[in-house]
Structure formats: C-alpha cells, structure tokens
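Hi everyone, thanks for coming. Could you bring up the sequence and the structure for me, so that we can walk through them together?

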Amino acid sequence: MSFPKDFLWGGATAANQFEGGWLEDGKLDSTMDHLTLGSKNRPRKFTEEIDENKYFYPTHKASDFYHRYKEDIALLAEMGLKIYRLSINWTRIYPNGEEEKPNEKGIAFYREILTELKNHNIEPLVTISHYELPYHLALKYDGWYSRKTIDFYLKYCETLFNEFNGLVKYWITFNEINVTAMEGKGYIGAGIHSVNHKDLSLHMHDIDDIKLMKKDYEDLAKQYQALHHQFIASALAVQLAHKIDPENKVGCMIAGNCQYPLTCNPCDVVLGQQERRKHFWFCSDVQVRGAYPKYSERIFKEKGIAIETEAQDEKILSNGRVDFYSFSYYSTGCVAVEANREMTAGNLTFGISNPYLKSSQWGWQIDPEGLRYFLNEIHDRYQMPIMVVENGLGQNDKLEADQTIHDPYRIEYMREHIMAMEEAIRDGIDLIAYTSWGCIDIVAASTGEMKKRYGLIYVDADDEGNGTYNRYPKDSYYWYKKVIETNGKKM
Ligand code: BG6
C-alpha cells in the first residue's frame with residue numbers, strides 16, 4: 001500500500017510573494033507591501049510610507065504572476081499537478097477592506113485563474129488570508145486586534161464563496177494561524193499596527209519568555225486577543241462556506257512548529273510537551289475540536305492574558321469546526337531546560353540545534369523522518385484528513401548558460417520527505433494532498449530574497465528585481481513530473 005490513487009500531488013504559492021502587480025487594477029496596499037528586502041542576517045524593515053527610491057519592496061513585483069499566470073499554469077499543468085494552492089490577495093477584492101462593493105477587476109482576475117486551472121484539471125486549494133490584510137484595516141482598526149475586522153473578513157469570504165462557487169472546493173481560512181500568537185509576529189500574523197514591528201524577520205525566534213520585556217507582554221496579550229478574533233472569523237467562515245455550498249471543505253493551516261525534547265531528561269520531555277502545546281497544538285485544538293483546550297487556561301494565567309469574549313463565542317467555535325487539517329513542514333528544532341545551547345535557524349520552527357540533522361544554506365535543519373513522526377502525532381490526535389501544504393528547500397540555484405538548472409539537493413530533499421509521507425500512509429494516516437512550496441520561484445517571506453528559491457521552475461530575477469522574469473524548468477521539475485505520473489512509485 002502506498003499513495004492512494006486519487007492522491008493530490010501539488011504545488012503552492014502565496015499572492016503577496018508571487019503575484020506582484022502591486023497597485024494594478026484597483027488594488028491598494030496590503031500589510032506585506034510595507035516590508036523591505038532583508039537577508040539571512042538582516043531582518044526586513046517595516047516602513048510607514050512606501051519609499052521606492054530608498055528601499056526595495058519585494059512584493060511589489062514579486063515573480064510577476066499577475067502578468068504571466070497563463071504561462072505559469074500551463075507549466076504547472078505540464079508537470080502533471082493535480083492541485084495548486086494559491087492565496088487570494090484581499091486587497092484585490094476589497095482594496096481598503098471596508099468598501100461597500102467588491103472590486104470587479106480583482107474578481108475577474110481570480111476567476112480567470114480558477115477557470116484556467118479548471119481547464120487544466122487542476123484542483124485549486126485557496127488560502128483566504130496568507131499573511132496579509134488591507135493596510136488600511138491595519139492602520140484604522142489595528143488589524144485583527146479589533147473585533148470589527150471579523151465583519152470585514154466575513155464580507156470578503158462571502159464574496160469569494162459566492163463568486164467562485166463551483167470553481168473552488170477546498171479553502172483554508174488563515175495561513176499558519178499559530179504565528180499570530182508568536183512573540184514579535186503580531187504584524188505579520190494579524191496586521192496589528194500598534195505592536196513592535198521594527199524587526200520583521202520570520203527567520204529567528206526567541207522562545208525564552210523570560211527575556212520578554214513589559215512591552216512584549218503587552219504585545220503578546222494583543223496578539224492572543226487578535227487570535228481569538230481570527231478563531232471566531234474562521235469558525236464563522238466555515239459555517240458560511242458550508243451554507244453557501246455543502247460541497248465546500250474548509251481547513252485550518254498550522255505552521256509546523258515541530259519541536260523535540262533535546263534529551264530524555266524528563267524535564268526536557270515535559271518542556272517539549274508544554275512548548276508543543278503552546279506553539280503547535282493550541283490553534284488546531286480550537287479549530288478542530290471547537291473549543292479552547294483546558295491547558296490554555298494555565299498558559300493565559302501565567303502570561304497575565306485575559307481575552308475578551310462575547311456570549312455567543314463558545315457556540316460559534318463549536319459550530320465552526322474545520323473539515324481537514326493542513327500544515328507547513330520544513331524543519332524541526334529541540335528544547336531543553338539547560339540554557340546556553342547552540343540554537344538553530346528557522347522561519348518559525350526554532351530551538352536548539354539537533355546534532356543528528358544537517359542544515360540548509362539558510363541554516364534550517366532538514367528532518368524528513370520528523371514528517372512521518374508529526375503526521376502520526378496529528379492523526380492520533382484528530383483522526384481527520386491531512387494535507388501537507390508547504391514543504392521544500394530554499395536554496396540559491398544557478399542558471400546555466402544553456403538555461404538548465406541542476407538542483408539535485410532539492411530532489412533529494414523532496415524525495416526523502418515524500419518517502420516519509422509514504423511511510424506515514426502505511427502507518428494508516430489519511431494523507432490526501434502534498435503541495436510543494438513555491439513550486440515556481442517566489443520571494444521568501446522571512447527575508448524577501450528571490451535567491452532563496454523553492455521552485456521547481458526557475459524565475460530569472462534577482463533580489464532587487466533585475467532580470468527577464470522568464471521561466472525555466474529545473475531538473476526537479478522533470479523529476480517531480482515523473483513522481484506524479486507514477487503516483488510516487490518512481491522517485
Ligand atoms: C511559511 C510561510 O512559514 O514559510 C510562507 O507560510 C513562507 O509564506 C515559507 O514562504 C518559507 O519561508 P521563507 O521565509 O523561506 O519564504
């Protein structure tokens with residue numbers, strides 16, 4: 001027994017990292033449009049005013065999918081993709097977030113894309129909100145910190161569910177919703193304008209709460225409040241999607257923030273359990289089970305967090321349980337009670353370096369076996385269909401003179417992770433889809449760099465937006481095509 005015959009092999013992108021077309025056809029700024037280019041060691045900077053003479057803003061052109069979607073979808077179809085995860089840019093549909101009527105040009109753009117996918121028999125998987133919201137809502141309402149944002153989001157969802165009814169079946173309400181509760185990520189996860197957004201790197205993370213300052217605690221309290229609003233919005237969106245079309249399937253999406261205890265010291269094991277609850281399980285426990293887990297009471301108490309709720313919230317959560325579980329998986333980290341250990345880099349999977357693992361060029365530890373382990377953990381907890389909706393290797397590729405790209409390292413990374421998924425399926429896990437991240441090169445979320453490439457298709461552009469933007473299939477493209485053709489038998 002290996003991959004089921006209807007297994008959804010796919011690829012994934014996010015609008016702000018891929019589309020470009022910054023202010024075209026009525027679109028206005030989204031929160032991510034205010035982030036400058038960073039690097040492995042230099043965080044992205046947030047600027048209140050957009051000053052293109054002084055800074056480079058990677059989302060403004062990104063990979064130029066906005067003008068090349070036909071060619072891109074044809075390439076994805078040629079690779080044999082069964083499913084394509086894309087996100088919709090809220091600011092194309094409701095440019096400032098609170099207009100009465102949606103922007104017809106934005107709707108037309110996504111309708112063309114979805115129709116194009118349908119013509120190629122590619123199932124879309126749509127993320128409704130992938131790390132962005134109209135910047136106007138961030139400024140005026142402090143993003144998701146305000147309960148009012150729920151109404152704007154639901155109006156946006158209603159437009160999508162009605163307009164694209166019949167074209168989309170699989171929806172994700174929020175990308176990596178657990179990021180909203182991570183220290184220092186309030187702007188990225190929830191567009192909270194009033195939090196500290198000086199250092200916007202998704203790259204590093206300090207898990208040591210003790211080092212947090214008073215302001216950080218205030219920010220964190222705001223983030224948990226914003227997260228509560230996102231939970232309510234997500235649960236209401238699930239109900240709305242089902243009401244508009246009972247065929248709709250709506251999932252949660254969790255950053256695979258996977259951590260092991262560094263040693264078998266029981267104190268490390270307990271710490272591992274606690275950290276994992278806080279940073280990995282908490283959000284899906286709410287979204288899959290429909291209620292805050294009991295253990296969260298202690299976490300809130302210890303952090304001094306009191307969430308404001310309304311009388312109907314419990315009911316909303318329990319009536320808005322998701323249909324499937326999805327997550328991103330790149331890397332793992334370790335936790336230990338003993339301080340002064342060597343830390344590993346990562347976007348969100350942070351922690352102590354694991355001596356058994358090697359690392360990528362950006363210092364993220366590579367752990368295929370962990371994918372099997374965490375798939376089993378998720379299945380044991382929820383017994384529901386699972387999708388791996390992000391996975392891949394960010395590496396600096398070389399475009400050869402004959403326009404080929406040899407990326408054996410990416411093939412190796414993907415092969416090992418796909419083999420781990422196969423083992424998990426043999427273990428009995430109901431895994432229904434795999435979408436490799438950034439299947440066409442996109443700008444990295446953590447650093448804004450183009451050279452941190454995940455794609456199976458190369459985009460000829462550099463970090464500052466120079467290049468032809470032409471597309472070239474990499475060796476991994478032909479390899480993945482074979483994997484899909486043989487349903488995972490030839491790797
Ligand atoms: C995930 C995000 O956390 O990691 C993506 O959902 C992001 O948006 C991906 O691109 C990889 O991180 P990075 O920083 O290498 O792009």
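Let's begin with one term: a polar contact is a pair of N or O atoms within 3.5 Å. Keep that cut-off in mind as we look at the ligand. And please remember that this is a predicted model.

So, what is the distance from an oxygen atom of the ligand to an N or O atom in the side chain of Asn175? It is 3.0 Å, and because the cut-off is 3.5 Å, this pair counts as a polar contact. Glu390 has a side-chain N or O atom 2.8 Å from an oxygen atom of the ligand. For His130, a polar atom of the side chain sits 2.9 Å from a ligand oxygen. How much of the ligand does the protein bury? Taken alone, the ligand exposes 370 Å², and the protein buries 100% of that.

Now for the surroundings. There are 16 residues around the ligand, and the ones that come nearest are Gln17, Glu176, Ser446, Lys452 and Tyr454.

Next, aromatic rings. The structure holds 41 aromatic pairs. Take Phe282 and Phe300 as an example: their ring centres are 6.0 Å apart and their planes make an angle of 85°, an edge-to-face pair. Phe282 belongs to helix 9 (residues 266-289) and Phe300 to helix 10 (residues 295-303), so this pair links distant parts of the chain, 18 residues apart.

Finally, confidence. The protein chain has an average pLDDT of 93, with 95% of the residues scoring at least 70. Strand 4 (residues 170-172) is where confidence is highest, at a mean of 99, while strand 9 (residues 343-344) is lowest, at 70. Do look at residues 203-211 too: the pLDDT there is below 50, and the stretch has 23 contacts in the model beyond near neighbours in sequence.

Notes: Residues numbered from 1 in each chain as written. Predicted model: local features only at pLDDT ≥ 70, side-chain atom pairs only at ≥ 80, totals over all residues. Heavy atoms only, no water. Near = heavy atom within 4 Å. Polar contact = N/O pair within 3.5 Å; in protein donor to acceptor, adjacent residues only side chain to side chain. Areas by Shrake-Rupley, 256 points an atom, 1.4 Å probe, with all protein chains shown as cover. pLDDT = per-residue confidence, 0-100. Helix = DSSP H or I, 4+ residues; strand = E, 2+ residues; numbered from the N terminus. Contact = heavy atoms within 4.5 Å. Phe/Tyr/Trp six-rings, centres within 6.5 Å; stacked < 30°, edge-to-face > 60°.
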